[in-house]
Amino acid sequence: MGIEMTQEVPQHVGIIMDGNGRWAKRRGKPRLHGHRNGVINVRRVLEEAKVLGVPYVTLFAFSVENWSRPPLEVRGLMALLREFLRRETRNMVKDGIRLRVIGDFGGLPPKVQAILRESIEATKHNDERHLSLALNYGSRAETIEAVKKYVKLAQSGEANPDELDWETFSDLLYTADLPDPDLIIRTSGENRLSNFLLLQGAYAEIYMTPVLWPEFDEREFRKAVESYGQRERRFGKTGEQVRSEQPIPEEAPC
Ligand code: IPE
Ligand code: IPE
Ligand code: MG
């Protein structure tokens, strides 16, 4: 009876918010219209994460590779990000959400950096819930940066390469103070990770859905979390081993 044993809520959900452009195109609207509606959707998903008790949410909002989009779209995305932060910071403070950024912060436009700094500062004492925005983020760039930091530590004698393990290395990633994602959601029907949390998501459950991001509402988020609850995570063990470790539920649901 695997299902009721694993009705767990993921502690950390990462979302590749994809499909804004196609959503707009289907309506005969410019891509930015899709991005605007995608931003509106973020609040709905955060609200549902609160209801379901998911403490960590990480949103892939802008990749290192997204700079190669048309300049007008990039400018529009940055403007929407600033708008989102201006509007949502107060809500985050009130809702106990701490904001973080993962990605190459210094490579973002100065105005975006400034407002992000304000929001991060305003929410830094919150510790109940955590929103991380992956901005100017790419797993490969993150890994290279961590390697460079490690090499410097090794060269200065602060680290011994013979003792390097995952724990030490993961502390050098942007996600150092975040748990690994348990569930990674990708919307819009694309079956790829597009350079998102490749190392941290080594054992994440993946949920792919054809729903485009602006339509991925609270019901869709709940469906993804429920799907996670029905999976058996084995981390290399056998199913029998995992099941024998599970506490027996007091009352079997009917
Ligand atoms: C995701 O939607 C938003 C970002 C990548 C910033 P897209 O803009 O990629 O939408 P599609 O994939 O073109 O439909
Ligand atoms: C991934 O979406 C990046 C974000 C959601 C921010 P893309 O639309 O950029 O990914 P690809 O290019 O289809 O893989
Ligand atoms: Mg896309």
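Ala, Val, Leu, Ile, Met, Phe, Trp, Tyr, Cys and Pro are counted here as nonpolar, Asp, Glu, Lys and Arg as charged, and the others, Gly among them, as polar. On that basis, the shell around ligand 1 divides into 3 nonpolar, 5 polar and 5 charged residues. The structure is a predicted model, in which local features need pLDDT of at least 70 and side-chain atom pairs count only at pLDDT 80 or more, while totals for chains, interfaces and linings use all residues. Residues are numbered from 1 along each chain as its sequence is written, chains are lettered from A and ligands numbered from 1 in the order in which they are written, and side-chain values use heavy atoms, with hydrogens and water left out.

Ligand 1 is surrounded by 13 residues, of which the closest are Asp18, Gly21, Arg22, Arg31 and Arg69; a residue is near a molecule if one of its heavy atoms lies within 4 Å of it. Polar contacts were taken as pairs of N or O atoms within 3.5 Å. An oxygen atom of ligand 1 lies 2.8 Å from an N or O atom in the side chain of Arg31. Polar backbone atoms also take part, with an oxygen atom of ligand 1 at 2.9 Å from one of Gly21 and at 3.3 Å from one of Gly19. The protein buries 87% of the 380 Å² that ligand 1 exposes when taken alone (Shrake-Rupley method, 1.4 Å probe). Helix H2 (20-26), helix H3 (31-52) and H4 each give two or more residues to this shell, and the largest share, 3 residues, comes from H2. Helices are DSSP runs of H or I of at least four residues, and strands are runs of E of at least two, numbered from the N terminus.

Around ligand 2 stand Ile16, Met17, Asp18, Phe60, Ala61, Phe62, Asn66, Arg69, Arg186, Arg192 and Ser194. This shell comprises 5 nonpolar, 2 polar and 4 charged residues. Strand S2 (residues 56-63) gives the most to it, with 3 residues.

Leu80 is found in helix H4 (residues 71-95). Leu80 counts as buried because its relative accessibility is 6%, the cut-off for buried being under 20%. Leu80 and Leu197 are 117 residues apart along the chain, and their C-alpha atoms are separated by 24 Å.

Technical notes: Buried means under 20% relative accessible area, exposed over 50%, partly exposed in between (1.4 Å probe, protein chains only). A polar contact is a pair of N or O atoms within 3.5 Å; within protein, one must be able to donate a hydrogen and the other to accept it, and residues adjacent in sequence count only if both atoms are side-chain atoms.
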